[in-house]
Amino acid sequence: MKRLMMLGPPGAGKGTQAQQLVEAFQIPQISTGDLLRAAKRDGTDLGKLAAPYMDNGRLVPDELVIGMVKERIALPDAKNGYIFDGFPRTRNQSEALDEMGIALDHVISIDVSEPELIRRLEGRRSCKECKAVYHLVFAAPKVAGTCDRCGSSPLLQRPDDMPVKIKQRLVEYAEETEPLIDFYGEKGLLIQIDGEGDPKEVKKRIQSALGT
Ligand code: AMP
């Protein structure tokens with residue numbers, strides 16, 4: 001059983017690096033952002049409740065996110081563990097994990113400067129079909145606007161990656177999520193990783209820290 005968590009501001013590369021760990025550990029990535037976007041797209045009750053928060057770069061209320069995570073980790077593919085990506089994001093959410101009797105093995109905190117985060121988020125585009133993520137400058141698709149992996153087009157910008165929403169998400173991160181760095185540091189679970197530079201280098205830093 002392996003339970004990992006990726007912690008860091010929006011644009012730090014949590015999702016990208018979590019995907020690398022999926023292969024290394026053969027456990028699923030559980031991204032609350034992806035689950036919420038799917039709920040919104042499918043028009044579920046949860047999606048309808050979450051949408052206004054997400055579209056404004058605000059955190060979705062804890063009870064909605066916690067309920068969704070409980071259901072997700074009960075699925076069979078999570079029986080040997082998982083990599084949380086974007087959860088927990090508040091003290092309440094981390095306490096909910098404790099109450100469920102779930103102990104994380106490692107919390108991987110990815111550190112990236114604010115100007116770099118903004119550059120990354122503003123240029124981020126993703127494929128609506130297969131969810132592959134690109135960057136207009138740093139990781140452009142071979143054919144502009146078309147997904148290399150599945151050929152779908154156009155590539156889309158997330159509504160919350162618009163500049164004013166980015167600011168709001170960074171404020172939410174600083175107020176609600178950043179305090180978790182100290183919280184998990186005190187528990188002795190924290191692995192701090194420099195998230196700047198080539199994603200392949202960041203991957204190596206994480207692997208060497210985890211001893212994989
Ligand atoms: P992300 O893809 O992780 O950047 O998440 C996108 C949006 O989904 C966030 O800006 C929040 O509105 C919402 N969200 C994702 N994870 C959480 C969470 N753990 N708690 C509250 N809201 C979340």
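Author: First, a working term: a polar contact is a pair of N or O atoms within 3.5 Å; within protein, one atom must be able to donate a hydrogen and the other to accept it, and residues adjacent in sequence count only if both atoms are side-chain atoms. Keep in mind that this is a predicted model, in which local features need pLDDT of at least 70 and side-chain atom pairs count only at pLDDT 80 or more, while totals for chains, interfaces and linings use all residues. Residues are numbered from 1 along each chain as its sequence is written, and side-chain values use heavy atoms, with hydrogens and water left out.

Now to the ligand. There are 16 residues around it, and T32, R58, G86, R89 and Q93 come nearest (a residue is near if one of its heavy atoms lies within 4 Å). R58 puts a backbone N or O atom 2.6 Å from a ligand oxygen. V60 also uses its backbone, with a polar atom 3.0 Å from a nitrogen of the ligand. From R169 it's the side chain that takes part: one of its N or O atoms is 3.4 Å from a ligand oxygen. On its own the ligand would expose 480 Å², and the protein buries 96% of that (Shrake-Rupley areas with a 1.4 Å probe; for residues, only the protein chains shown count as cover).

What is the shell made of, by class? You get 6 nonpolar, 4 polar and 6 charged residues; here Ala, Val, Leu, Ile, Met, Phe, Trp, Tyr, Cys and Pro are nonpolar, Asp, Glu, Lys and Arg are charged, and the others, Gly among them, are polar. Helix 2 (residues 32-42) gives the most to that shell, 4 residues. Helices (H or I, at least four residues) and strands (E, at least two) are DSSP runs, numbered from the N terminus.

Let's follow R89, one of the residues that come nearest to the ligand. Its backbone oxygen lies 2.7 Å from a polar side-chain atom of T177. T177 belongs to helix 7 (residues 163-177) and has 2% relative accessibility, so it counts as buried (under 20% relative accessible area; exposed is over 50%, partly exposed in between, with a 1.4 Å probe and protein chains only). Setting aside neighbours within four places in sequence, T177 is in contact with L7, R89 and E172, where contact means heavy atoms within 4.5 Å.

F87 and P88 are joined by a cis peptide bond, omega about -10°. Most peptide bonds, as a rule, are trans. P88 is in the loop between strand 3 (81-85) and helix 5 (91-99).

F87 also belongs to an aromatic cluster with Y82 and F84. Rings of Phe, Tyr and Trp (its six-membered ring) pair if their centres lie within 6.5 Å; planes under 30 degrees apart are stacked, over 60 edge-to-face, and the rest tilted. The structure holds 3 aromatic pairs. In one of them, Y82 and F84 have ring centres 4.8 Å apart and planes at 50°, so that pair is tilted. F84 and F87 are edge-to-face, at 5.1 Å centre to centre and 65° between planes. Y82 is buried, F84 has a relative accessible area of 0%, and F87 also comes out buried at 0%.
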